[in-house]
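Me: I am new to this structure and would like to go through it step by step. Could you begin with the terms I will need?

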Amino acid sequence: ADFQLRLADIGLFTPEFRGPLTAYGTARQQGVTWSVDVSATGPGGTQADIAGTASTSGNLNLNVDGSAPLGLINGLLEPRRLSGLANFNLRINGPAALNAVSGTITTTNAALSAPTLGQSLNSINARITLGGGSADITLTGQSGQGGQISVGGRVGLSGNYPANLNIGLQEIVLRDPLLYETTASGQVTLNGGLTGGAVIGGVVN
């Protein structure tokens, strides 16, 4: 069957963006398996192509490619805010769960503001490689007040999200206009579950 769907305003779910979300494609059943080929477009650079099969037992074999604005998750980050575009090239092979997902997610020149911390990051370039139930992360960014930050390592995608991350700080400017201005450089490690129990170590000068 051929189909076309249209949501008049995606702003009903995310006030960051306004405009229609449309999807069109085909879905055909062959025994216990559905073959699907879908394209979707929306505001803010949202675009996705999904192709593959889905069985009635819940197993998926899908390729998912496209892009989406990072601002879609700002509602989860308040008062912090992300801007920029994420590009994804993913494969889902198995039940609908994170450990069935492989592929890459990348961003170029994204930005993050954290007003309660008085900090922002610009020119964020990141690459997340998914596979085997974990995410390998490489990220660099420029502090809005000066300096650079880098993050590298792995995060598990189940349980307490065990992480093994290295964070590099290079001449990060820390400033309170009424009290101080200084810079921080060093290496920080984070090991353990992100939901609790992680150990932070390293040296910052």
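Reply: A nonpolar core is a set of buried Ala, Val, Leu, Ile, Met, Phe, Trp, Tyr and Cys residues joined through side-chain atoms within 4.5 Å. Buried means under 20% relative accessible area, exposed over 50%, and partly exposed in between, with a 1.4 Å probe and protein chains only. This is a predicted model, in which local features need pLDDT of at least 70 and side-chain atom pairs count only at pLDDT 80 or more, while totals for chains, interfaces and linings use all residues. Residues are numbered from 1 along each chain as its sequence is written, and side-chain values use heavy atoms, with hydrogens and water left out.

Me: Which residues have the most contacts inside the largest nonpolar core?

Reply: They are L60, V64, F88, L90, I92, V101 and L130, in a core of 14 residues. Strand 4 (47-55), strand 5 (59-69) and strand 7 (85-95) each supply at least two residues of this core. Strand 5 gives the most, with four residues. Strands here are DSSP runs of E with at least two residues, and helices are runs of H or I with at least four, numbered from the N terminus.

Me: What does L130 touch?

Reply: Not counting residues up to four places away in sequence, L130 touches L90, V101, S102, G103, I105, A135 and L157; contact means heavy atoms within 4.5 Å.

Me: Changing topic, how many residues of strand 14 are buried?

Reply: The number is zero of six, so strand 14 (residues 199-204) lies largely in the open. Strand 14 pairs with strand 13 in the antiparallel sense over six bridges; pairing requires that DSSP finds at least two bridges between two strands. Q187 stands opposite V203 in strand 14.

Me: What lies between strand 13 and strand 14?

Reply: Five residues lie between them in a hairpin, and G196 in the turn has a positive phi of about 150°.

Me: Where is L178?

Reply: L178 is in the loop between strand 12 (162-176) and strand 13 (180-193). L178 counts as exposed because its relative accessibility is 78%.

Me: How many helices and strands are there in the protein chain?

Reply: The protein chain has one helix and 14 strands. Of its 205 residues, 31% count as buried.
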